[in-house]
Amino acid sequence: MQFSIKKNISEKDNVAVILNKTSNLPNGLLNQDETTYVKSALKNQKNTWIEVNQYARKVFLFQPDYKKEENQLNEAMRKAGASLGSLLNTQKIKTVALEESSLNRYLAEGLALGNYQYLRYFSKKNKKENTLNKVQWVGASKKLIDELNAVSSAVYLSRDLVNTPVWDLNATQLANSAVKAGKEFGFDVEVFDKKKIEALKMGGLLAVNKGSIDPPTFIIMEHKPKNAKNKKPIVLVGKGVVYDTGGLSLKPSTSMDEMKSDMGGSAAVIGTMSAAAKENLPLHIIGLVPATDNRPGGNAVTPGDVITISDGTTVEVMNTDAEGRLILADALHYAKKYSPEMVIDLATLTGAAVMAIGRYGIVAMGTAPDKAFSKLSKSGEEVYERIVRFPFWEEYDELLKSPIADLKNIGTREGGAITAGKFLANFTDYPYIHLDIAGPAFINATDGYLQKGGTGVGVRLLYNFLKNY
Ligand code: BES
Ligand code: MN
Ligand code: ZN
């Protein structure tokens, strides 16, 4: 989708109008009859676009509910953007102009995010492609348009990665995608292969990879502008399980079909690096992704095995389906070498997080100062990728004690999202935030500007957080 600045709207431009508080209709747009029609439609219809067909073009009008709180109103406008987009696409319309409004940025965001399609595997792609490809915008600034383009293409990238099945996205291909994104958006990427991972003794990543035919990778991304405000970097870590069968603790087939999305955390990190680099945020940011599939093949790690993480911690593997924490342990330990200011990980880590709050939010926890959590929470409300902070009390540590090793990899079913986070905190020595995105990373039905499939959750949250850092 292409956005551009519009000077003035002509009589042939399809136009979308967000009405102001007093529902004043803009001058010169509608004739007497049309005005009468729109006024009566406004009385009967809430939260829908009113459409006026003027033969040479169409006029779409929307009355927002200004009683809503600011973030809710903005979100309603994103959703209005998505519904305008589908209205335009079903009518095979290619371009639309937005009449000036302070809410346009949210409408435009909804138009952009809602216009996403994953068509890779359709043999007749062009037939399915959305027609809408150009949005012109009165009163926009170049800065705003550039940012919208950067962030929405980063979200698109993240969604594409999640939607791509493991057949076309194994750990090596995920690493290649990161390299490609680095070139396109402007950040550095280094990839460790299996030999290097062995040399670093990343026992968590290697254990999970043992049942697989494909080698693991460890991806390091860096955005380091000259004008970076932070001396110590901010490190983002993303779970890159390109497919999670559960390993020998095999998942039932009903809960396996979506597990190509188990690299959603890595997609969020790659997407965030892309947006941050493209917008050249004045921050030193590092992205780390441990990547592998989790399979029950030949020599797979077994329940009962004891493995050693790269920091020397031994772990009794009680359940091979709790694999995310094993690969993240190595990455979180690796992050120490940067003496980071803060580390945030994103992971589709537990079904327990989904059980607790469903798909509407991100489960957050950790050791970072309250202030960091409240800033992240504020970003979450703004971009509508909201976080809920869970407790991180020391009592939960008890549940991870093993009779034969330093730790075991599962706690009780109760509080399962928290014990997973607690497990991870063992490998940190810096301010740390863990984000469990198992709920919102992948959805089963299109909802507003989020299409069925990968949502790209985390990209807009972290971009906003970093921008306001
Ligand atoms: N990738 C899953 C978590 C998951 C579940 C993500 C549902 C998205 C949707 C993770 O690796 C996993 O299997 N976790 C186990 C942990 C358990 C064995 C302690 C779970 O949550 O059941
Ligand atoms: Mn698993
Ligand atoms: Zn998993």
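**Exercise 1. The largest pocket**

In this predicted model, find which elements each supply at least two residues of the lining of the largest pocket.

*Solution.* Start with the elements. Helix 11 (351-357), helix 13 (416-425) and strand 19 (442-443) each supply at least two lining residues. Helix 11 gives the most, with four residues. Then take the volume: the pocket holds about 1100 Å³ of space. Its lining has 35 residues, and Lys251, Leu349, Thr350, Gly351 and Ala352 are the closest to the centre. Finally, sort the lining by class. There are eleven nonpolar, 13 polar and eleven charged residues.

**Exercise 2. The second largest pocket**

Work out which residues lie nearest the centre of the second largest pocket, and which helix has the largest share of its lining.

*Solution.* The space here is about 470 Å³. The lining counts 21 residues; nearest the centre lie Arg105, Glu109, Glu147, Asn464 and Lys467. Two or more lining residues come from each of helix 2, helix 3 (104-114), helix 5 (142-163), helix 12 (370-383) and helix 14 (459-467). Helix 5 has the largest share, five residues. By class, the lining divides into eight nonpolar, five polar and eight charged residues.

**Exercise 3. The manganese site**

Name the residues that coordinate the manganese ion (ligand 2) and classify the site.

*Solution.* First list the donors. They are Asp244 (OD), Asp321 (O), Asp321 (OD) and Glu323 (OE), at 2.1 to 2.2 Å. In sequence the donor residues follow the spacing D-x76-D-x1-E. Now the angles. Among the six donor atoms they run from 69 to 168 degrees, and the site is irregular. Look for a neighbouring metal: the zinc ion (ligand 3) is 3.1 Å from the manganese ion (ligand 2), and Asp244 coordinates both.

Are Asp321 and Glu323 buried or partly exposed? Buried means under 20% relative accessible area. Asp321 has 23%, so Asp321 is partly exposed. Glu323 has 1%, so Glu323 is buried.

**Exercise 4. Helix 9**

*Solution.* Then check burial. Because 14 of its 15 residues are buried, helix 9 is largely enclosed by the rest of the structure. After helix 9 comes Asn280, with a positive phi near 50 degrees.

**Exercise 5. The cavity**

Find how many cavities of 30 Å³ or more the structure holds.

*Solution.* The search finds one. The volume of the largest cavity is about 40 Å³. Its lining includes Asn47, Phe62 and Lys68. Helix 2 (residues 70-90) has the largest share of that lining, three residues.

Definitions and conventions:
Residues numbered from 1 in each chain as written. Chains lettered and ligands numbered in written order. Predicted model: local features only at pLDDT ≥ 70, side-chain atom pairs only at ≥ 80, totals over all residues. Heavy atoms only, no water. Donors = N, O, S within 2.8 Å, 3.2 Å for Na, K, Ca; no water. Tetrahedral: all angles 85-135°; square planar, octahedral: opposite > 155°, others 65-115°. Buried < 20%, exposed > 50% of the residue type's maximum accessible area, 1.4 Å probe, protein only. 1 Å grid on protein atoms, 1.4 Å probe; cavity = no way out; pocket = protein on both sides within 12 Å on 5 of 7 lines; lining within 4 Å. Points joined across faces, edges and corners; volume = space filled by probe spheres on them. Nonpolar A, V, L, I, M, F, W, Y, C, P; charged D, E, K, R; others polar.
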